[in-house]
Amino acid sequence: TQPTPGAAPRRFPSDFLWGAATSSYQIEGAVGEDGRGPSIWDTFARRPGAVVNGENGDVAIDHYHRSADDVKLMAGLGLNAYRFSVAWPRIQPTGSGAVNQAGLDFYKRLTDQLRDAGIAPALTLYHWDLPQPLQDAGGWPNRDTAHRFAEYAGIVAEALGDRVDLWITLNESWCAAYLGHLSGEHAPGVKDPAQALASVHTLNLAHGLGAAAVREKAGAAARIAISHNLQVNRAHTDAPDDRAAKTRLDLVNNEILLQPQLNGVYPEGLFEATARFTDWSFVRTGDLEIINAPLDAMGLNYYSTATVRAGEDPDRDPFQPTLVEGVARVRPEGEYTEMGWLVEPRGLTDLLLDIHRRRPGLPLYITENGAAFDDTVAADGRVHDDRRTAYLHAHLDAVGRALDAGANVKGYFAWSLFDNFEWSYGYGKRFGIVHVDYDTQVRTVKDSGRWYSQVASSGELPPLA
Ligand code: GBH
């Protein structure tokens, strides 16, 4: 779509949250300090070949020691919200029982600093750093992990209940289940469809039990959400077999999470479609009511859109297990980021409107959106990341279009506030609106950060050029 020449800036709602996001393992470092226990990412990162260059989050961007300055930096950018995650192994080093007070104190200080700066804390309880002892006991394929998660959620909610504006139970259960247990590219590095599907169910259950625990312990005013990276899939053509391929993909990627959470049912056809991997006997009477816990909002993490057709994928690695046969990836012309992900802002409008249609008026947050580009500090001391600015601009415009169409979008969090440990890609991929020098830990606001600061402070998005 062409912008209207001379169009006026777009005004966002006055109570809109303008934030940025991070996660514990990607930024904190200090993995052995103040009683933190090991997580599955500490273990996985040490497996040869798991992370590019053998990198890990031992130091990361040293946020654990720099949180006060990092909050000042956010305040200087004019952000009114910050999404971060709590490291479960800091709160319960063994994943159950004994609470490590020093861990809770860190997040108490952080949330106090944020509140003093007028920045609303959005707290994610689980962003992939499962305590290693819980992995040793079976990890996400073991349903007991859901009960352990609820216990942990209750502890955090009781301690921080009055300080947090938005509670997010899980970040991207799709990644935790499928990257962790199907492709094996994330911790714990398992490649087994049966374990992947069992993990989905435990994660769904963990969400429901965790939401109830937060509801009970954080007080009636607590607002509870979950953050999903739903796959925005498009059929390459309108031919019935291409559309059927897209539908098969949606079933195991999106419906498997959304329908239990929103409607209290597993989607029709799911058990049949996956019967060669599992008989789903781990689903017990009463689980779906728990999973269907009341939701105050939904968080959506959006990066790209996938185009698919019916057929065999010539690029598919035959050693990678898959849940869905006969679906091939199409790579349309367009701009791709350093991750190889297509820049496709329209998908964000579609995604927001899809959830709005399923649950009209449900408050929606974009809890992550951003892009990796190859950023370097220029001779003038700045980072001229114009492609990231253009990415953010186009996606915020896409959010505006969803607002125009009636979606109840309440906030936007850029991924990420800082360059950080990008999981199996290590430190090589930079998503930050703030550059980090990994030798000196010096933070430099990129041009995109300056631009975003303007938008956040004014609540106005300039027209697309
Ligand atoms: C998020 O995951 C994580 O929450 C965050 O920690 C991480 O740093 C960030 O994103 C950046 O990676 O096949 O072209 O359609 C992202 C999950 C799943 C998003 C795969 C992109 C495939 C894009 N990703 N998805 S594409």
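**Salt bridges and the ligand site**

Guide: Here we go: this is a predicted model, and the count comes to 33 salt bridges.

Visitor: How far apart are the N and O atoms where Asp62 and Arg66 meet?
Guide: A salt bridge needs a side-chain nitrogen of Lys or Arg within 4 Å of a carboxyl oxygen of Asp or Glu. Asp62 and Arg66 meet that rule through their side chains, with an N to O distance of 2.8 Å.

Visitor: Is Asp62 buried or partly exposed, and what about Arg66?
Guide: Buried means under 20% relative accessible area, and exposed means over 50%, with partly exposed in between. Asp62 has 14% relative accessibility, so Asp62 counts as buried. Arg66 has a relative accessible area of 29%, so Arg66 is partly exposed.

Visitor: Asp70 has a salt bridge too; which residue is the partner?
Guide: The closest N and O atoms of this pair are 3.0 Å apart. The partner of Asp70 is Arg443.

Visitor: How many residues apart in sequence are the parts that this pair ties together?
Guide: Asp70 sits in helix H3, which covers residues 63–77, while Arg443 belongs to strand E14, residues 443–445. The pair therefore ties together parts whose separation in sequence is 373 residues.

Visitor: And are Asp70 and Arg443 buried or exposed?
Guide: The cut-off for buried is under 20% relative accessible area. Asp70 comes in at 1%, so Asp70 is buried. Arg443, at 17%, is also under the cut-off, so Arg443 is buried.

Visitor: Where does Arg115 lie, the salt-bridge partner of Asp165?
Guide: The closest N and O atoms of Asp165 and Arg115 are 3.0 Å apart. Asp165 is in the loop between helix H7 (144–160) and strand E5 (166–171), and the two residues are 50 residues apart. Arg115 lies in helix H5, residues 101–116.

Visitor: Over to the ligand: how far is an oxygen atom of the ligand from a polar side-chain atom of Glu422?
Guide: Glu422 is listed among the closest of the 17 residues that surround the ligand. A polar side-chain atom of Glu422 lies from a ligand oxygen atom at 2.6 Å.

Visitor: What share of the ligand's area does the protein bury?
Guide: Taken alone, the ligand exposes 590 Å². Of that, the protein buries 88%.

Methods
Residues are numbered from 1 along each chain as its sequence is written. This is a predicted model: local features need pLDDT of at least 70, side-chain atom pairs count only at pLDDT 80 or more; totals for chains, interfaces and linings use all residues. Side-chain values use heavy atoms; hydrogens and water are left out. A residue is near a molecule or strand if one of its heavy atoms lies within 4 Å of it. A polar contact is a pair of N or O atoms within 3.5 Å; within protein, one must be able to donate a hydrogen and the other to accept it, and residues adjacent in sequence count only if both atoms are side-chain atoms. Accessible areas come from the Shrake-Rupley method with a 1.4 Å probe; for residues, only the protein chains shown count as cover. Buried means under 20% relative accessible area, exposed over 50%, partly exposed in between (1.4 Å probe, protein chains only). Helices (H or I, at least four residues) and strands (E, at least two) are DSSP runs, numbered from the N terminus.
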